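Here is a short report on one protein chain. Look at the model first, then read on.

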Amino acid sequence: MSLHAAKKLSDNPTDQQKTDYSPVLVNLEAVHKVYQTGTIALHDVNLQITQGEFISFVGPSGCGKSTVLRMIAGLGEPSSGKLEVLGTTAKRAREENNEVAFVFQDATLLPWRSVLDNVVLPLELRGVPKQDQQREAMRVLEMVGLKDHVKALPRQLSGGMKMRVSIARALAAKPKLLLMDEPFAALDEITRQNLQNELLNIWKQEGLTVLFVTHNVFEAVFLSTRIAVMTPRPGKIATMIDVPMPYPRKETLRTTHQFSDIAAEVSSALVH
Ligand code: ADP
Ligand code: MG
């Protein structure tokens with residue numbers, strides 16, 4: 001056997017593992033974004049996100065968090081650099097393959113439609129058979145704890161419940177990648193912590209990859225496998241911080257030394 005062949009053989013299992021267990025779902029290489037106004041929103045952003053990760057983006061207002069997320073959703077393109085989502089363009093991954101869903105801070109529900117009909121909407125638009133629409137909507141509404149409120153109208157719901165509907169609507173399309181832009185920012189602390197726990201359960205249960213924008217360092221630490229700390233002028237990823245705490249993450253974790261140490265590390269990266 002030639003040396004070359006031996007090397008190939010020994011390399012193969014490693015290559016195989018990479019492709020089988022942790023494909024890169026989102027790939028950004030040297031991404032720059034300059035808006036027409038001349039604002040440099042992003043400067044040289046490099047990021048590889050593998051399947052099953054929960055990545056949070058933290059940083060002050062204006063550092064480009066929403067710009068990154070919107071580009072990954074196919075809403076706006078990089079001015080230069082490479083962006084791949086689920087092995088294709090961001091636009092195709094979301095619009096044609098329905099593999100990417102987006103949840104905003106504002107739940108954006110249709111006020112005249114019931115909870116169930118709001119969740120059914122994206123399935124209707126995709127031409128999913130009516131019976132399947134109802135079944136899938138009920139499945140995700142149960143997952144977010146709303147199966148007893150399916151007939152309610154949005155105005156009858158609390159802020160936390162509206163956000164649950166919005167999450168259910170995103171999940172109904174069975175996305176692989178869930179993008180969330182400050183989804184819990186307008187909620188009170190208790191509701192917020194409940195939703196964080198529920199989101200982690202859903203993330204595991206559905207085998208999702210989540211990209212989550214927040215201002216809140218503690219929220220980022222509680223949820224994430226890794227945190228992208230962003231800094232402004234121009235917007236860039238200052239550092240990536242691993243959160244090596246096992247899941248499921250219990251409420252008591254929030255008061256541990258390890259938790260506060262990681263939060264301190266993130267906070268200090270924010271101000272440098
Ligand atoms: P963040 O979400 O971190 O607050 P954004 O991504 O919304 O930051 O914005 C990054 C920068 O780009 C800011 O300076 C913002 O004013 C600017 N910006 C965002 N969207 C637009 C747009 N559509 N046109 C021009 N400038 C924009
Ligand atoms: Mg934003």
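Helix 6 and helix 7 run roughly parallel to each other, a label given to angles under 35 degrees. The model is predicted: local features need pLDDT of at least 70, side-chain atom pairs count only at pLDDT 80 or more, and totals for chains, interfaces and linings use all residues. Residues are numbered from 1 along each chain as its sequence is written, chains are lettered from A and ligands numbered from 1 in the order in which they are written, and side-chain values use heavy atoms, with hydrogens and water left out.

**Two helix pairs**

Helices here are DSSP runs of H or I with at least four residues, strands are runs of E with at least two, and both are numbered from the N terminus. Axes are lines fitted to C-alpha atoms, for helices over the stretch in contact, and angles run from 0 to 180 degrees between N-to-C directions.

| Pair | Angle | Axis separation |
|---|---|---|
| Helix 6 and helix 7 (residues 189–206) | about 15° | 11 Å |
| Helix 4 (residues 115–125) and helix 6 (residues 159–172) | about 30° | 8 Å |

Helix 6 passes helix 7 in a right-handed crossing; right-handed means that the near helix is turned clockwise from the far one by less than a right angle. Gly-160, Met-163, Arg-164 and Leu-171 of helix 6 meet Thr-191, Asn-194, Leu-195, Glu-198 and Ile-202 of helix 7. Contact means heavy atoms within 4.5 Å. This contact has four nonpolar, three polar and two charged residues. Ala, Val, Leu, Ile, Met, Phe, Trp, Tyr, Cys and Pro count as nonpolar, Asp, Glu, Lys and Arg as charged, and the others, Gly among them, as polar.

Helix 4 and helix 6 are also roughly parallel. Helix 4 passes helix 6 in a right-handed crossing. Helix 4 brings Val-115, Asn-118, Val-119, Pro-122 and Leu-123 to the contact, and helix 6 brings Val-165, Ala-168, Arg-169 and Ala-172. Seven of these residues are nonpolar, one is polar and one is charged.

**One residue**

Arg-70 sits in helix 2 (residues 65–72). Arg-70 is partly exposed, at 35% relative accessible area; buried means under 20%, exposed over 50%, and partly exposed in between (1.4 Å probe, protein chains only). Leaving out residues up to four places away in sequence, Arg-70 touches Leu-75, Gly-76 and Phe-102.

**The whole chain**

The chain holds nine helices and nine strands. Of its 272 residues, 47% count as buried.

Conventions:
Angles under 35 degrees count as roughly parallel, over 145 as roughly antiparallel, 65 to 115 as roughly perpendicular and the rest as oblique.
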